[in-house]
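Here is my note on the model, point by point. Please read it with the structure open.

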Amino acid sequence: MKGKYLLAIDQGTSSSRTVIYDLNARVIASDQQEFPQIYPRPGWVEHDPEAIWQSVREVVAGCIDQAREPIAAIGITNQRETTLVWDRATGEAVCNAIVWQDRRTAAHCERLRADGAEPLVAERTGLRLDPYFSATKLAWILDNVAGVRARAEAGELAFGTVDSFLLWRLTGG
């Protein structure tokens, strides 16, 4: 292993934090930066994907500047079910990220439950119907953001949670 440090990116709900550890798990450097929360309606919570990306870039750069040694590996932890859709060619998000706390798809989950879909969802995914999870958030984006469904069907878009978006950005796609 050429590098001697491990870089951990913790991209959370209200801030991004990076910590660099040596191979004995001692903290070598750390940095943290908050980013804005967006509340477009009651029960809705969004993040600007570019604000997330910028905060991660800045805390990573701050830690690397402090450490001044090669990084052997990077790990990412994130806010789990926060959902993003982005252009595969440019990396540009099609809309704000829908945060795990967002409740805009609660009625959709209730309709699915009333239609008897919950046993099938649970069998196939191991999850219950709940707006916390990303599936109904993705459906909302496909149904409510102009042109997104057609672009997704054409294979132009990528979908994921914050960790996959960051990985895509960190690796150049």
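1. First, a term. Buried means under 20% relative accessible area, exposed means over 50%, and partly exposed lies in between, with a 1.4 Å probe and protein chains only. R151, at 27% relative accessibility, therefore counts as partly exposed. E156 counts as partly exposed too, because its relative accessibility is 37%.

2. Some ground rules. This is a predicted model, so local features need pLDDT of at least 70, side-chain atom pairs count only at pLDDT 80 or more, and totals for chains, interfaces and linings use all residues. Residues are numbered from 1 along each chain as its sequence is written, and side-chain values use heavy atoms, with hydrogens and water left out.

3. Salt bridges. The term stands for a side-chain nitrogen of Lys or Arg within 4 Å of a carboxyl oxygen of Asp or Glu. The count by this rule is 11. One of them joins E156 to R151, at 3.1 Å from N to O.

4. D22 counts as buried because its relative accessibility is 9%.

5. C95 is in no disulfide, and the nearest cysteine sulfur, that of C109, is 17 Å away. C109 is buried, because its relative accessibility is 2%.

6. The largest pocket has a volume of about 220 Å³. A pocket is an open set of points on a 1 Å grid over the protein atoms alone, with protein on both sides within 12 Å along at least five of seven lines; lining residues have an atom within 4 Å of a point. The volume is the space filled by probe spheres set on the points, which are joined across faces, edges and corners.

7. Which residues lie closest to the centre of the largest pocket? Of the 14 lining residues, they are V121, L129, F133, A135 and T136. Helices α2 (106-114), α3 (118-125) and α4 (134-144) each supply at least two lining residues. Helices are DSSP runs of H or I, at least four residues, numbered from the N terminus. With four residues, α4 gives the most to this lining.

Methods: Disulfide = S-S within 2.5 Å. 1 Å grid on protein atoms, 1.4 Å probe; cavity = no way out; pocket = protein on both sides within 12 Å on 5 of 7 lines; lining within 4 Å.
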